[in-house]
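Notebook open, two chains to go through. I want to see how they meet, then look at a few local features.

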There are 2 protein chains.
Amino acid sequence: MTGRLAIIGLGPGNEAQVTPEASRAVEQAAFFYGYKPYVDRLELRHDQTRISSDNREELARAKEALAKAVEGHSVAVVSGGDPGVFAMAAAVCEAIESGPEAWKALDIEIVPGITAMLAVAARIGAPLGHDFCAISLSDNLKPWDLIELRLLAAAGAGFVVALYNPISKSRPWQLGRAFEALSAILPGTVPVVFGSAAGRPDERMEVCLLADAKPEMADMATCIIVGSTETRIIRRGEKPALVYTPRAATRPK
Amino acid sequence: MTGRLAIIGLGPGNEAQVTPEASRAVEQAAFFYGYKPYVDRLELRHDQTRISSDNREELARAKEALAKAVEGHSVAVVSGGDPGVFAMAAAVCEAIESGPEAWKALDIEIVPGITAMLAVAARIGAPLGHDFCAISLSDNLKPWDLIELRLLAAAGAGFVVALYNPISKSRPWQLGRAFEALSAILPGTVPVVFGSAAGRPDERMEVCLLADAKPEMADMATCIIVGSTETRIIRRGEKPALVYTPRAATRPK
């Protein structure tokens, strides 16, 4: 009997944004590993088991799931959003590479999901309308000066920048420093979108200018999209404003 | 009677990757505008109408759809992948901003989808496992030197780079130039993934090293992911290799 491991993206949290492929993968697995809020989202049968863990234990969780799968079980690791974007797919690959040979022989299926920046962008217009990048502000696994280098490189080359993992209790100052770094390159008039829980009842979308962006406007579930100098806001009276980046671009001055 | 416009992401082409939200939005619309291969994917009822156009007519298509919606109809604009990533959402916003006031009063709904780089990444491992960016190689709407600037900035700062619109009959040389630019910064040992039709029966996934990457390995439907110096290939004998970028990163030398 050979086990299998599915790494499943559950999307941003709205049931209607979970793909049929992801729902089917959930139906087929017996053991579910993940960060508690994601595992709690699943509606499971009596013969399916949840194994939740804290959000800074990705590698330990990946190893535990792989060990269960090599015993012959059908195992799922679940992530919010997409499992390949600052989530569990990389942690599982790391565990496979450094783990026992048997882990390499497992059937691995990775099921993509709607990642936060796409969900947030869709609620506000098309801020990712041309070249963009995604940067995690977590300095748990990389030095802060590398993050700052990337922010400066991205803004300098005219990319729109989506910021993941912007702030948490143990990382309170990073987002403020990121806004400072970006402000060294970009004018204060660049639009910034703060999006949380896109598509869920507790959705919160806020648009401001970079000069007015404050770390307090975000929490750990917020995805922030910082526009380029070409990003625009369309005011529409009663209707919510649209924020978008035109498809055409010119070289930054 | 007020019209409405939905901009719907149909995902990479596998029916199981179309979200329930997108399927519902398709059910509710009467007129469907889009690039022919995407519109052809829809299973429509007799009371629903397709209006297909060529793939370089985004702005004209957006205007036509908006004009139909202000007449009071329920209109959909469909994109493959996600509508906010090098697709129709930005074109519709451009049309709204420069169009008649009535277009600003429309109800606009944007439905996100699985974009190509997420689908390709999921089929091969976790190449987007840390900071990454997405760059369109089309120089129809931006100068080539800007694209080259972005490629160099991204590679220099250690981003993984996903390349959209890599090549076409009218843009035959851009991808080769992009590989040259990236090779000026990155070692030839960096893994490159060519992915087409991820999750479909005609799927083609190819992994090589940057030194061996050739433009002929791509067509206009390919999404290419160029790793960073930290991206790794796990060989697994009989099983397909996994390509991933570890979550931890150090400053590029």
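I count a salt bridge when a side-chain nitrogen of Lys or Arg is within 4 Å of a carboxyl oxygen of Asp or Glu. Ground rules: this is a predicted model, where local features need pLDDT of at least 70, side-chain atom pairs count only at pLDDT 80 or more, and totals for chains, interfaces and linings use all residues. Residues are numbered from 1 along each chain as its sequence is written, chains are lettered from A and ligands numbered from 1 in the order in which they are written, and side-chain values use heavy atoms, with hydrogens and water left out.

**Entry 1: salt bridges**

I started with A:Asp131 and B:Lys142, whose side chains meet in a salt bridge at 2.5 Å, N to O. A:Asp131 sits in the loop between strand 6 and strand 7 of chain A, and B:Lys142 in the loop between strand 7 and helix 7 (144-156) of chain B, so this pair joins two chains. Helices (H or I, at least four residues) and strands (E, at least two) are DSSP runs, numbered from the N terminus.

How many salt bridges are there over all chains? I get 28. Between chain B and chain A the count is 12. I also looked up B:Glu94, which forms a salt bridge with A:Arg247, with 2.9 Å between the closest N and O atoms. Helix 4 (residues 88-98) of chain B gives the most to the side of chain B that touches chain A, with 7 residues.

**Entry 2: the interface**

With contact taken as heavy atoms within 4.5 Å, chain B puts in 75 residues and chain A 75 residues. I then ran the polar contacts: 31 residue pairs across the interface of chain B and chain A, both at pLDDT 80 or more. The rule wants a pair of N or O atoms within 3.5 Å; within protein, one must be able to donate a hydrogen and the other to accept it, and residues adjacent in sequence count only if both atoms are side-chain atoms.

The side of chain B that touches chain A divides into 43 nonpolar, 13 polar and 19 charged residues.

**Entry 3**

Strand 7 (residues 132-136) of chain A pairs with strand 7 (residues 132-136) of chain B, antiparallel, over 3 bridges. Pairing takes at least two DSSP bridges between the strands. A:Ala134 stands opposite B:Phe132 there.

**Entry 4: a sheet in chain A**

Three strands of chain A form an open sheet in the order 6-13-12, with mixed pairing. Strand 6 (125-126) and strand 12 (232-236) are at the edges with a single partner strand each, so one side of each has no neighbour in the sheet. Strand 6 runs parallel to strand 13 (residues 239-244), joined by 2 bridges.

**Entry 5: positive phi**

Most residues other than glycine have a negative phi. A:Phe86 has a positive one, near 50°, and lies in the loop between strand 4 (74-79) and helix 4 (88-98) of chain A.

Notes
Ala, Val, Leu, Ile, Met, Phe, Trp, Tyr, Cys and Pro count as nonpolar, Asp, Glu, Lys and Arg as charged, and the others, Gly among them, as polar.
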